[in-house]
Amino acid sequence: MAVFESTAAEHGGLSRPRLPEISVISPGLDPRPTTAEPKLAVKSGLVRQGSGEENTERVKVYLRIRPLTETERERGEEQGCVAVQDEGTLLLKAPKESQNMRTAERGITQSMHKFSFSKIFGPETTQQQFYESTMKTMVKDVLQGENRLLYTYGVTNSGKTYTIQGSGRETGLLPRALASLFRKLQGRLYGAMDLKPVMYQDVRQLEPGEVRVEEIRRNSLLKEELTYSIYMLQDENLTSRRVGTTTNGDSGFGGLSSTSNIASQLEDTDSVCLEPDSLSHSGGDDLEEGVQFSIWVSFYEIYNEFLYDLLDASPSLQPRKRVTLRLSDDKQGNPYVKDLTWIQVRSAEEAWKILRAGRRNQSFASTHLNQNSSRSHSIFSIRVLHIRPEADSGQAMHISELTVCDLAGSERCKEQRNGERMKEANNINTSLLTLGRCIAALRHNQNNKSRPPQVVPFRDSKLTRVLQGFFCGRGTSSMVVNINPCASIYDETLQALKFSAIATQVRHSCALLQAIDVLKREVQRQREEKEILEANVREQVVSEMMEVITGMQDGFRCFISIHHFSQERDQEIEALSAALEKNKEAGSGPTSEPQGDAPRRSQRLTAQTELCKLRAELDQCRAELLTKTQELIKLKMQLEVPGSTGTLTGAADRKLEEGQRNLRQLRLDLQRLGLDLQSGERACCRNTGGERLRQALNAADETLVKQDQILVELQNGLILVKADLRRKADTLAQTQATRPQLPPSGFSAPTTPGSCKKRGCGAAASCDAENRPPQKRPFFQSLFPTRTPTRKYNTCPVEEPNVTPYSRILRSRQRSPPPSPVTTPRTLRGKY
Ligand SMILES: Nc1ncnc2c1ncn2[C@@H]1O[C@H](COP(=O)(O)OP(=O)(O)OP(=O)(O)O)[C@@H](O)[C@H]1O
């Protein structure tokens, strides 16, 4: 067939690569389709991808082809450039006069293009059929709590407004949706007006005063709509102006300037008399039990990138400056139209009147293509509050939304002769272009998950910003592409279809929703874990704190008891010290001690008395020792003086024996004194614990130790003296034996010539000094000058007849065992 022949092949020359005959501008289709394969992969408009994306659904894109008017047929617009191959496939064939055909003839593009859609609706499709196939399910979803968006896209004069609003009795999708909604909600409407949607998807509880304001606003709007209708009917002149009226454009002014025959088309349908659809037949059985619904509507437009509230002003007949609305973000960053008017509606008729009132405020103008062309994007939203009246304060459990967006038609700016129309066209095209970029970015991000995601330019236009939520997983969107089969606008239609082809590749952000759900669950789980962890930590901290506090309490109790004890001890010590002082002063007089401490204090006093007695004994012993020492010295001196040796030695011997006895007695006394000291100190330590007493005892003990040492030294000295005396006695005996002529009591130096008594004594002393302990010599020398017999005399045999009584005693002593070792004070101290 000639129509499928590529003109580019004929005229493109050899230098150009041969292009395929048909461009297939839709994913999932066979890139090389043939006429013999009319059935393409798209069956029901639901195209799925593999590799883990089976659960995500592509955005539904419907194509609606409007019928040609009689005028258009007469102009020769019907050239067969639009052909429906099946319910999902469209074939575009470039007409001869089109730009596309010219480029195709140069081999740059193809002249035929194939597109796939979710479903294609031909010119014969009725409004009812179109609603049943597109919006009915969306209404059902919204009543189930979902958010849905439907928007129309297409070239100007392609039937977008007709599709959404309808014309005459051919009501469009929106009034049908409203009628269906209210039929479904019969008996389930929430009568009060105290809950109102605000911001992105919040609900606010209204005060009674606010409720009255809301009622006044709604009644005013409905009343003025009624007044306007009556006015329109009565004023024939005005009514005659309705058909074919052209406006001067809307530069921010509403009212008459925007009134068009579109409004009159709607007014023809003065009541919503719609064929009942299958949804409304089903009644409200599938609605959630016990839930009531409050329906609120809003209507605004985006004109030249400004937002205007179409329900804010009454349908005034006087032009006035309109107030622009601002876009804001809530705490989660969701955009919403600030201060937008929301009206609660209680029936489809009320909603219909509100819609008509808003339509009169919308910006329309006549263009070269459409006498009543929408010059703005209009957005009508229905918010459904799901309310459980029995719940606390009747709070809304959930909000769902159905938004219907009638986009302005794209058109060629250069064909607009009017400057205002050109500006509008520029803005329309810019916002539509941004919408196309957003959809392309979404498609890119979905298809290239391994690559860095592109920024979706939602913020580049007001339109994409207000619709952002529906593209980001907070609902699903459906697109209706309207085309006009006129050959004269083929190129524009081709561009619109190329745009829609991108949209068909976009998937709903179900994956995002699922990810959000997963993340929500994860956050909840982690929050619970954190709470448990926090509770455990708190418990541990509390138990540790309790332990610390208990320890501190114990320590404090201990401290208090120690403090009390030390106070008691201090008091006792003070009392004892005072008593001691008193006793010292008063001697052994009676004390005025307290009754309870009397026994212990008497013990202590006894010990003190004992100690004093011991000290006295010690002093006495010391005095005795001194006396004995003096006696010994005297005896020594007597020994040195010549005289009766026997008498002297006998006296010395007696004195020595007496001294030894005294020493033994002294030793015993010392031993007893040590024991007494021990017991006394024990008693003192146990009973008083006073430091001063202990110091006094220690001092006494040290004195005793010193005295012991002195006694030991004295004893050693006595032993040496005795030894010396023995030697002297021997010498005397030998002297007497060798010198019989001398009187028996003589004690003189030997008269041997050349010899000297002193010399002989010196030799003996020098000889004897070697046998003495070196440490004792100074003491011994201080006591007794060295005057001992020589060794020669010692070695001489002693004749028995000349033995004196002293020498006998000495001999017997020499035979007797040596004196027992002196008990050193250290032994006592060690025991002590
Ligand atoms: N399916 C249809 N059946 C009958 N008439 C239709 C259909 N679609 C559109 N029309 C008519 O075509 C004309 C243009 O339609 P409409 O105003 O809806 O186009 P539009 O796309 O909204 O244009 P604009 O973008 O300029 O507003 C209207 O007169 C409308 O009644």
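Started at the ligand: helix H5 gives the most to the shell around it, with three residues. I'm working from a predicted model here.

I count 18 residues around the ligand, and the closest are Arg66, Gly159, Thr161, Ser373 and Gly409. Two elements give two or more residues to the shell: helix H5 (160-164) and strand E18 (373-374). Then I sorted the shell by class and got 13 polar, three nonpolar and two charged residues.

Moved on to helix H13, residues 462-471. Is H13 mostly covered or mostly open? Mostly covered: I find nine of its 10 residues buried. I wrote down the buried ones by name: Lys462, Leu463, Thr464, Arg465, Val466, Leu467, Gly469, Phe470 and Phe471. I also checked what comes after the helix. Glycine 473 follows H13, and its phi is positive, near 95°.

Last stop was glutamine 608, which I found in helix H16 (residues 598-640). Why does glutamine 608 count as partly exposed? Because I get 19 C-beta neighbours inside 10 Å for glutamine 608, and buried needs 20 or more.

Technical notes. Residues are numbered from 1 along each chain as its sequence is written. This is a predicted model: local features need pLDDT of at least 70, side-chain atom pairs count only at pLDDT 80 or more; totals for chains, interfaces and linings use all residues. Helices (H or I, at least four residues) and strands (E, at least two) are DSSP runs, numbered from the N terminus. A residue is buried if 20 or more other C-beta atoms lie within 10 Å of its own, exposed if 12 or fewer, and partly exposed in between; C-beta atoms are placed from the backbone. A residue is near a molecule or strand if its C-beta atom, placed from the backbone, lies within 6 Å of it. Ala, Val, Leu, Ile, Met, Phe, Trp, Tyr, Cys and Pro count as nonpolar, Asp, Glu, Lys and Arg as charged, and the others, Gly among them, as polar.
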